[in-house]
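Have a look at the model first, then read on.

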Amino acid sequence: MILKERKVPLIIQKLGVLLRRLPHDHPKQKDIESSFAKHMAGFRGEESLDYSLSFLADKKCAILHDLLLSDGVYHFQLDTVIVTPHFLLVLEVKNITGTLVFDMDFNQLIRINEHAQEEDFYP
């Protein structure tokens, strides 16, 4: 059962409104478009789980999307949390395009994009 539905994040809503209102020749147009595209890719990656999670709907588990928690000082966000009588599972979703190389020698993930540029993702 889904206890907390996934919603379009506020940052995506704000960037979408800004893009609609911003003149097309504004100097920040490309930066805002890039930020909007990155946030949308992340959100779509999270949404891509919904089909698989739908098979859990009739099971004895609770599904919470976009959970914001605090330790009293800091806040942190979890993409999806599944709670069952036997375990709690935290799902953090990444929607990374390009070729991914798992470098076990240096414990890092390297993404090679369509322009053959490399970008490191450290654990």
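For residue classes, Ala, Val, Leu, Ile, Met, Phe, Trp, Tyr, Cys and Pro count as nonpolar, Asp, Glu, Lys and Arg as charged, and the others, Gly among them, as polar. Keep in mind that this is a predicted model: local features need pLDDT of at least 70, side-chain atom pairs pLDDT 80 or more, while totals for chains, interfaces and linings use all residues. Residues are numbered from 1 along each chain, and side-chain values use heavy atoms, with hydrogens and water left out.

**Salt bridges**

- The count is 2 salt bridges (a side-chain nitrogen of Lys or Arg within 4 Å of a carboxyl oxygen of Asp or Glu).
- Arg6, Glu46 and Asp50 are linked in a network.
- Glu46 meets Arg6 at 3.5 Å, N to O; Glu46 sits in helix H2 and Arg6 in the loop between strand S1 (2-4) and H1, so this pair ties together parts 40 residues apart in sequence.
- For Asp50 and Arg6, the closest N and O atoms are 2.6 Å apart; Asp50 lies in helix H3 (residues 50-53), so here the parts tied together are 44 residues apart in sequence.

**Largest pocket**

- Its lining divides into 9 nonpolar, 5 polar and 8 charged residues.
- Of the 22 lining residues, Lys38, His39, Ala41, Gly42 and Asn95 are the closest to the centre (lining residues have an atom within 4 Å of a pocket point).
- H2 gives the most to this lining, with 7 residues.

Technical notes:
1 Å grid on protein atoms, 1.4 Å probe; cavity = no way out; pocket = protein on both sides within 12 Å on 5 of 7 lines; lining within 4 Å. Helix = DSSP H or I, 4+ residues; strand = E, 2+ residues; numbered from the N terminus.
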